[in-house]
Amino acid sequence: EIEPIGGKRKKVDVRIIAATNRNLEEEVASGRFRMDLYYRLNVIELRMPALREMRDDIAVLAREILRKSVGEDGSAAAPGLSAGAVAALRDYQFPGNVRELENILERALALCAGDQIEIDDLQLTAPAAGDAVPVDRSGLPLQEHLDSVEKEAILKALEQTRFNRTAAAKLLGITFRALRYRMERLGIN
């Protein structure tokens, strides 16, 4: 039953679906999560594995993300992924999970010169050095070059902060509002 402010009690039938990336049992044990709320929410627990635990699904997910990125109307065909690009995606750790995969593919779409995304288009960080694959921006008009540099900096900050926009804005030295504006302008979801 609920009782709206200034209203009568009403009976309601609800189902709550909640998601977290934390171990709630540990959070309850440490006192950071209320035990009564945990037992109210934890009727049926479904564990969704991280993307790095679903290596065989990465290629299928990537193709679907690319298909949706180019448009639902079918007016443009989604570029394919080279065998090397698929292998690189399977080897990548994806600290940002599926959202990071979406951002990597969005960036690759912008950088892709033909009808196939190659390893260099993905700009994955090298496992040993941690440095991004350099992109040759020579020959771009100034505004496109600046937009490309800005987008790369924002995506890198988002990846470093596990896609926490407030933390990414702080890392970039701009306000959250400015980050949101720039992300909209550059087409970053």
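Reader: What volume does the second largest cavity have?

Author: About 30 Å³. Keep in mind that this is a predicted model. A search of the whole structure turns up two cavities of 30 Å³ or more.

Reader: Which residues line the second largest cavity?

Author: Arg99, Asn103, Leu158, Phe163, Arg165, Met183 and Asn189 do. Sorted by class, that lining has three nonpolar, two polar and two charged residues.

Reader: On to the rings. How many aromatic pairs are there?

Author: Two, from a search of the whole structure. In one of them, Tyr38 and Tyr39 sit 5.0 Å apart, centre to centre, with 70 degrees between the planes.

Reader: Why is the pair of Tyr92 and Phe94 called edge-to-face?

Author: Their ring centres are 4.9 Å apart and the planes stand at 90 degrees. Centres have to lie within 6.5 Å for a pair, and planes over 60 degrees apart count as edge-to-face, so Tyr92 and Phe94 get that label.

Reader: How do you know whether Tyr38 is buried or exposed?

Author: Its relative accessibility is 6%. Buried means under 20%, so Tyr38 counts as buried.

Reader: And what about Tyr39, buried or exposed?

Author: Tyr39 has a relative accessible area of 55%. The cut-off for exposed is over 50%, so Tyr39 is exposed.

Reader: What puts Tyr92 and Phe94 in their accessibility class?

Author: Tyr92 comes in at 11% and Phe94 at 0%. Under 20% means buried, so Tyr92 is buried, and Phe94 is buried too.

How values were computed: Residues are numbered from 1 along each chain as its sequence is written. This is a predicted model: local features need pLDDT of at least 70, side-chain atom pairs count only at pLDDT 80 or more; totals for chains, interfaces and linings use all residues. Side-chain values use heavy atoms; hydrogens and water are left out. Rings of Phe, Tyr and Trp (its six-membered ring) pair if their centres lie within 6.5 Å; planes under 30 degrees apart count as stacked, over 60 as edge-to-face and the rest as tilted. Buried means under 20% relative accessible area, exposed over 50%, partly exposed in between (1.4 Å probe, protein chains only). On a 1 Å grid over the protein atoms alone, a cavity is a set of points where a 1.4 Å probe fits but cannot get out, and a pocket is an open set with protein on both sides within 12 Å along at least five of seven lines; lining residues have an atom within 4 Å of a point. Grid points are joined across faces, edges and corners, and a volume is the space filled by probe spheres set on the points. Ala, Val, Leu, Ile, Met, Phe, Trp, Tyr, Cys and Pro count as nonpolar, Asp, Glu, Lys and Arg as charged, and the others, Gly among them, as polar.
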